[in-house]
Every structure is written in structure tokens, then in C-alpha cells.
Amino acid sequence: MNNFPAVDQIPLPAPVWLLKALHDLTFSLHLASVGLLLGGLTLALVFAVLGRMRDSSVMTETAGMLIHRLPNVMAFVINLGIPPLLFAQVLYGRALYTSSVLIGTYWISVILLLMGSYYGLYVAADRAAKHRTWVAPGLAALLLSLTIAFIYSNNMTLMLHPQSWGAMYLHSPAGLQLNSADPTLMPRWLFFMAGSFPIAGAAIMLLSLRDGLRDELSRFMTRAGGLVVAISIVCQAVLAQMTIASQPQNVFSTVMNDSMYRMFAFGWLTTALLLALLGIAGAAGKRANALVAIAVSTVAFLNVVSSVMVRDGVRDVTLRSVGFDVWNRQVAPNWSVIDLFLILLLTAVVVIAWLVGVVRKATPADSLSVEVRSAQETYV
Ligand code: HEM
């Protein structure tokens, strides 16, 4: 029996390939921001605590520089989460709405958890700037964000399994349940959590290039960033293997039979290998190297894109096996609206790039000196 609600009578306003391409692009940006947030916050906490225990100024300074940036990163996480949510609802609404209702109480609680986490980040950054201990609010923000990610993984796995929906609804129509019986859930969540660290390590290597940092600090940051990238990508590869092994029979082999998804699966492996090598190069370097840092960051983003594409294949193959073919939708493209949308998107990208340029130019004159000074004086 097909458990999916009836398909919407209104045709899709744009071709499926275009909606999927926009979804995957914006979701990659969301996931990269999530990596900066979760990886950056975890590393900031580790450096803050270790820095205090070992009386290491470079560690506390690195922690200070990270925590100061995280409230802004959270803004990117949220704003870059909205577009993929809209595209996913258009494409997979019949599955995604159903699973969202089934875990409804937890799903709605994401809003409160998000507000709590955002607040925790602001408190932590503010306390750090005032040279007061910020570990407690930082830790609270991290735990809340990890919970949000866990709820997302619950929803994204439950939407693939209409066989469980009926029993789950009977069990708790109030939506007070998670998809905990699903064997794909934990490895998948851990895979995405581990994926935060190569991105965060790359960001620390980029930060080490900033003007005004003394040599010792810059060297520590580039080495620590490289080490984090190299170690975490190996851990993520192990989790990738566990995630694949947890998939229902034939799902991954069917994904690999598709030439595009196969290319991205090998793309993930290649970028992972490159990250391990570049991470080691960064960790062994005597000073921050712009070429290595930029290469690591580019490859880390391509690695995220590859994960997103393979994840897309796993979703489509799993849904097709239970009677939901995302490509099998009526389409009536409204090209004038699509053109307007693409023009606005392009304009927004240009404006954001310009704004980032303005912020960068403003930094050395005022905020960086304040930031480095406060980071140097920051303690946990
Ligand atoms: C601290 C906040 C957040 C964290 C840590 C986080 C983390 C994650 C993770 C790990 C996933 C992948 C789940 C999986 O596939 O197993 C995910 C998916 C997703 N997130 Fe976020 N997220 C956060 C906030 C948000 C917000 C505020 C939005 C939207 C407004 C959002 C939109 C999405 C969407 C749409 C997906 C799935 C896309 C798809 O499957 O099509 N996220 N998020």
C-alpha cells in the first residue's frame, strides 16, 4: 500500500532538475555553515578549557577569536537553512510534511532550541569580550545545537520510511516521539556531526592568515587547523562506511549504479584523501600558508557538496523503492517568475560578496585590534 498523501493538484512551477539543483546548492551552503558552527564551537570550548589548564595563551586566544564570530555564523546557519527547506517541501512535501507531523512536538521545539542556542552564543561571546568565563553558556549552546541537528536527522530519515508512519501515529498522535528505531539514524547523524570538523579546521587555517596576528599565534592556528582537518576526515570516512552499511539492502548499490551519484561518491573519497594530505601539510607547516589554507577550504566545501549529492541519491532511491518518484511530477514552468528569481538570487550573491569585502576592509583599522586584544585577554 502507498502511504503517501495524495499529490498536490497544482503542478510544479519549475523543472524538477532546477529545483533539485537549487536545493542541493543552498543545502550545501547550509551544511557548511552548520560545520562552522558546531565544529567551531566545539573547538573553541576545547581550546578555552585546555588553554586555561595548560596556561597556553595561543589556545585561549584562538578560542576567543572563534567564539566572537559564532553569533554571526548562526545567522548564516538559519538564513541558509530556509531555501533548502522551501525546495525540499516543494519536491518532497508529501513525505516531509507527514514525518514532520509525526515528530511534531520535537519538530516545533526546534524554534525554541534555536533561540536558546543563539542566546547562549551571544552570552558566551559577550562574556568572552568582558574577559569573563564563557564555558557554561558556550556548552549549553553546543548541546542545544546538537539536539537540533539530531531532530533534523530524525525527520530526514523518518520521511523515507512510510512503512512506520501508521504505527507511529497510533503510538503518539501528539508527535511526542522520534525515529529512534531506525538503524540509519545514529550513523547518519554522527556522519554529519563529524563533517563539521574539516570545515571548522579549514576556517581556523584561514583565520591564521589575518593581518596583525603575532607569529606564534598564527603558527598555532594553522597547525591546529591542519591537524583537526586530517584527523576528522579519517573519522568521518569511518562513519561514512557505517552509514552506508546501515542502509537497507540494495539502496547504496542502486545509488552507485547512477553515473552522477557515483561521480559524487568518488568525489567524496577524492576530496577526503586530499583533505587528509593538505591537513597534514598544514599541520607540519612552519608558518601559515595562504595557498594551503585556501586549498583546504575549497576542497572542504567540495567535500560537503559531495556528501549532499550522495545523500540526495540515497533519498531518491529509498523513496522510489516505496512508491515515491520525485521526477514523476507534473511540471508547468513559469519562466518569467523563474527568471526573476534567478536575477534576484544573483543580485543577492553580488551584494553579499560586496558586503563581505566592506567588512574585511574595515577590520584591520578598528575591530581586529580590539578583537585580538580581547582574545589575548580572554580567559575561560
Ligand atoms: C543550530 C541549528 C541547526 C543545525 C545544527 C542544523 C543541522 C542540520 C543537519 C545536521 C542536517 C542534516 C540532517 C540529515 O540529513 O540527517 C540539517 C538538515 C536541514 N536543515 Fe538544518 N540545522 C540547523 C538549523 C536549521 C534551520 C533554522 C533551518 C531552516 C530554517 C534548517 C534547515 C534544514 C533543512 C531544510 C535540512 C534538510 C534539507 C533536505 O533534506 O532537503 N536547519 N540541518
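**Questions on a predicted helical model**

Biologist: Does Asn 250 count as buried or exposed?

Modeller: A residue is called buried if 20 or more other C-beta atoms lie within 10 Å of its own, exposed if 12 or fewer, and partly exposed in between, with C-beta atoms placed from the backbone. Because Asn 250 has 12 C-beta neighbours inside 10 Å, it counts as exposed.

Biologist: On what kind of model does this rest, and from which number does each chain start?

Modeller: The model is predicted: local features need pLDDT of at least 70, side-chain atom pairs count only at pLDDT 80 or more, and totals for chains, interfaces and linings use all residues. Residues are numbered along each chain as its sequence is written, starting from 1.

Biologist: Where does Asn 250 lie?

Modeller: Asn 250 has a positive phi of about 75 degrees, although it is not a glycine. Helices (H or I, at least four residues) and strands (E, at least two) are DSSP runs, numbered from the N terminus. By that numbering, Asn 250 lies in the loop between helix H9 (215–246) and helix H10 (251–257).

Biologist: What is the phi of His 131?

Modeller: His 131 lies in the loop between H4 and H5. With 12 C-beta neighbours inside 10 Å, His 131 counts as exposed. Its phi is positive in a residue other than glycine, with a value near 60 degrees.

Biologist: What radius of gyration does the protein have?

Modeller: The radius of gyration is taken over C-alpha atoms, and the globule rule is 2.2 Å times the number of residues to the power 0.38. For 380 residues, a compact globule would therefore have a value near 21 Å; the protein agrees with this, at 22 Å.

Biologist: What share of the residues is buried?

Modeller: The C-alpha atoms fill a box of roughly 65 × 40 × 40 Å, taken along the principal axes. Of the 380 residues, the buried share is 41%.

Biologist: Which helix gives the largest share of the shell around the ligand?

Modeller: The ligand is surrounded by 22 residues, the closest being Gly 81, Leu 85, Ala 88, Ser 153 and Met 156. Elements that give two or more residues to this shell include helix H1 (16–54), helix H3 (82–102) and helix H5 (135–158). The largest share, 6 residues, comes from H5.

Biologist: At what angle do H1 and H3 pack?

Modeller: Two packed helices are described by the angle between their axes and the distance between the axes. Axes are lines fitted to C-alpha atoms, for helices over the stretch in contact, and angles run from 0 to 180 degrees between N-to-C directions. The axes of H1 and H3 are 8 Å apart, and the angle is about 145 degrees.

Biologist: Which residues does Phe 87 touch, not counting those up to four places away in sequence?

Modeller: Phe 87 is found in helix H3, and with 21 C-beta neighbours inside 10 Å it counts as buried. Two residues are in contact if their C-beta atoms, placed from the backbone, lie within 7 Å. Phe 87 touches Leu 19, Leu 22, His 23 and Thr 26.

Definitions and conventions
A residue is near a molecule or strand if its C-beta atom, placed from the backbone, lies within 6 Å of it.
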